[in-house]
Amino acid sequence: MAMAEEKESTSIPLSQAENGSTDPEDPAKSPPSSPNSSTRKACCFVLQSWFSKKFMTGCVVLFPVAVTFFITWWFIQFVDGFFSPLYERLGVDIFGLGFITSLLFVFFVGVFVSSWMGAAVFSVGEWVIKQMPFVRHIYSASKQISAAISPDQNTTAFKEVAIIRHPRVGEYAFGFITSTVILQRENEDEELCSVFVPTNHLYIGDIFLVNSKEIIRPNLSIREGIEIIVSGGMTMPQVISPQERVARPNERIPMNRMV
């Protein structure tokens, strides 16, 4: 009899198990969350969002500064390394002295090459370099790039910044006018401009012969055009205005423009 009473006391009716018992793992039967917990979650979410935004803002601001200082420091150490070993042998240990000496060396090289004697010596050295099988290709490519940004605008440098319609109607491409050619036809001659459109920064690109009347010449310098292409368009000005059209000797200016 005692065993039967213990079984009856420990057994749970089916109706009580269905109605009174709660499953802690069932979210539908779990007790509702308190207002304090929901407010705490909202505050945590706002703080997390605010922290991530401010952190990304700091990264965006400090990234170009860090890159600028890193490249500048590397450049100073690189240039300083040319003459610093010479000063170390002389017993002079002053940081930056080799960098200043390198800048003065480059300046005096420019002065020397600008003279007729320096130009002659430079032409002889250039002829020797062009006789080397592999080195001459590297030298020619690097010389074309340096000639494009050179202050002495010679025949091999970029003439003007150009905007042409490419590759389809409604799309434009930045390029540089390198030369002008006359296309002889039966009816009349057509003036074409050789426009170099870079496809990989400055050293690889396509050449297009475009009618000079169809080229848009923006009011941008060569250096500004190079900065736009190298930066991927990030230094693009918000407003681009074409240059004023200069009348040719045989071209008449309309009366409305003169007024």
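Among contacts in the chain between residues at least 6 apart in sequence, 31% join residues at least 24 apart. The model is predicted. The chain has 259 residues, and 18% of them count as buried. It holds 8 helices and 4 strands.

**Overall layout**

- Starting at the N terminus, the elements follow the order α-α-α-α-α-α-β-β-β-β-α-α.
- The accessible surface of the chain is about 21300 Å². Carbon and sulfur atoms account for 64% of that surface.

**Annotated transmembrane regions**

- An unreviewed UniProt entry carries the annotation "transmembrane region" for residues 55-76 and 96-129. Such annotations may be inferred rather than shown by experiment.
- In the model, residues 55-76 are 100% helix and 0% strand. The C-alpha atoms at the ends of this stretch lie 31 Å apart.
- Residues 96-129 are 94% helix and 0% strand. Here the end C-alpha atoms are 32 Å apart.

- The structure contains 6 aromatic pairs.
- One of them is Phe-51 with Phe-55: the ring centres are 6.3 Å apart and the planes meet at 20 degrees, so this pair is stacked. Planes under 30 degrees apart count as stacked.
- Helix α3 spans residues 35-89 and holds both Phe-51 and Phe-55. They are 4 residues apart, about one turn of the helix. Both Phe-51 and Phe-55 are exposed.
- Phe-78 and Phe-82 pair with ring centres 5.3 Å apart and planes at 80 degrees, so they are edge-to-face. The cut-off for edge-to-face is over 60 degrees.
- Phe-78 and Phe-82 are also 4 residues apart in helix α3, so about one helical turn separates them.
- Phe-78 is partly exposed, because its relative accessible area is 44%, and exposed means over 50%. Phe-82 has a relative accessible area of 53%, so Phe-82 is exposed.

- Ser-84 sits in helix α3. Its relative accessible area is 17%, so Ser-84 is buried. The cut-off for buried is under 20%.
- The Ser-84 side chain reaches the backbone oxygen of Asp-80 at 2.8 Å.

- Strands β1 and β2 run antiparallel, joined by 6 bridges.
- Most residues other than glycine have a negative phi, and most peptide bonds are trans.
- The peptide bond between His-166 and Pro-167 is cis, with omega about 0 degrees.
- Pro-167 belongs to the loop between β1 (160-165) and β2 (172-183).

Conventions: Residues are numbered from 1 along each chain as its sequence is written. This is a predicted model: local features need pLDDT of at least 70, side-chain atom pairs count only at pLDDT 80 or more; totals for chains, interfaces and linings use all residues. Side-chain values use heavy atoms; hydrogens and water are left out. Helices (H or I, at least four residues) and strands (E, at least two) are DSSP runs, numbered from the N terminus. Two strands pair if DSSP finds at least two bridges between them. Rings of Phe, Tyr and Trp (its six-membered ring) pair if their centres lie within 6.5 Å; planes under 30 degrees apart count as stacked, over 60 as edge-to-face and the rest as tilted. Buried means under 20% relative accessible area, exposed over 50%, partly exposed in between (1.4 Å probe, protein chains only). A polar contact is a pair of N or O atoms within 3.5 Å; within protein, one must be able to donate a hydrogen and the other to accept it, and residues adjacent in sequence count only if both atoms are side-chain atoms. Contact means heavy atoms within 4.5 Å. Accessible areas come from the Shrake-Rupley method with a 1.4 Å probe; for residues, only the protein chains shown count as cover.
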